[in-house]
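Visitor: I have a new model open and would like to learn how to read it. Could you walk me through it?

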Amino acid sequence: MADQAFVTLATNDSYAKGAMVLGKSLRAHKTSRKLVALIGPHVTEPARDVLQKIYDEVRLVDLLDSKDAAHLSLMKRPDLGVTFTKLHCWTLTHYSKCVFMDADTLVLSNVDELFNREELSAAPDPGWPDCFNSGVFVFRPSIETYGQLLQLCTESGSFDGGDQGVLNSFFSNWSTADITKHLPFIYNLSSIAIYSYLPAFKQYGSDAKVVHFLGKMKPWNYSYDATTKSVKGHSQDPSTLHPDYLLKWWHIYSGAVLPMMKEQYGSEHFY
Ligand code: UDP
Ligand code: MN
């Protein structure tokens with residue numbers, strides 16, 4: 001099991017906050033797998049230090065610095081910078097199998113059983129269920145696959161401008177080939193789905209194992225009142241975040257992440 005890992009990505013300090021909370025939530029539910037954070041060069045030193053305390057491995061992915069195919073691809077498709085960075089997870093070949101999780105996800109229970117699945121396993125996207133959502137997926141690191149993904153990305157771009165489009169084009173038989181590669185929706189539950197099918201959420205929502213705060217508003221865009229333990233300025237727009245999960249995210253951030261920041265940098269620090 002030492003050769004299996006949960007992997008996330010943060011290219012800036014905002015997403016780094018998400019990665020910290022995700023890592024803490026995986027630890028809280030006692031994962032037996034390694035935790036890996038891929039970071040971009042814009043992640044600041046204090047954020048890197050905290051990530052290093054939570055994750056087993058924090059790996060800097062600087063595509064501009066690299067002399068490999070990723071750099072070449074990036075020159076041709078500068079719009080796909082974050083996408084190329086995410087595809088970098090396939091280069092983690094010191095692991096045999098990994099589960100990628102977006103930095104805006106949060107685990108609510110132990111999800112180590114995901115490692116029983118094969119590449120490429122993922123849950124349906126709530127907006128177009130014949131596509132998988134790339135916020136949570138099982139994959140096998142491989143330089144060969146990485147090269148093929150980069151090639152597809154460089155030649156054809158991404159139909160949605162991000163990694164999800166590329167990955168769905170590459171693993172294009174996902175929806176029909178093998179039902180065991182369809183993760184149950186409770187491994188990638190998004191607020192959008194809650195509001196578009198509320199009765200299903202009421203029936204199955206309590207089984208949720210991973211919440212995904214997909215969309216424009218991320219948990220770290222809100223502010224939190226630590227004395228009343230409430231999230232301020234939560235919008236009434238039903239397509240945004242579910243208040244209970246948002247509160248859970250903030251409990252971890254305020255209770256477990258902020259103290260680490262303060263311990264290291266003093267309370268006056270930005271975080
Ligand atoms: N990401 C990042 N920096 C960015 C944008 C995205 O590190 O500026 C990473 C991060 O891990 C994030 C993932 O790419 O969770 C996918 O982006 P996002 O979650 O914003 O997309 P959504 O799930 O809302 O479609
Ligand atoms: Mn996401």
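Guide: We will take the overall fold, then a sheet, then the ligand. This is a predicted model, where local features need pLDDT of at least 70, side-chain atom pairs count only at pLDDT 80 or more, and totals for chains, interfaces and linings use all residues. Residues are numbered from 1 along each chain as its sequence is written, with chains lettered from A and ligands numbered from 1 in the order in which they are written.

Visitor: How many helices and strands does the chain have?

Guide: Helices (H or I, at least four residues) and strands (E, at least two) are DSSP runs, numbered from the N terminus. Here there are ten helices and eleven strands.

Visitor: In what order do the strands of the open sheet lie?

Guide: Strands of a sheet pair through backbone hydrogen bonds, either parallel or antiparallel. Two strands count as paired if DSSP finds at least two bridges between them. In this open sheet, six strands follow the order 3-2-1-4-7-6, with mixed pairing. Strand 3 (57–60) and strand 6 (121–124) are at the edges with a single partner strand each, so one side of each has no neighbour in the sheet. Strand 6 runs antiparallel to strand 7 (residues 132–139), joined by three bridges, and Ser-121 stands opposite Val-138 in strand 7.

Visitor: Which residues are closest to ligand 1?

Guide: A residue is near a molecule if its C-beta atom, placed from the backbone, lies within 6 Å of it. Ligand 1 is surrounded by 14 residues, the closest being Thr-11, Tyr-15, Asp-102, Ala-103 and Leu-214. Strand 1 gives the most to this shell, with three residues.
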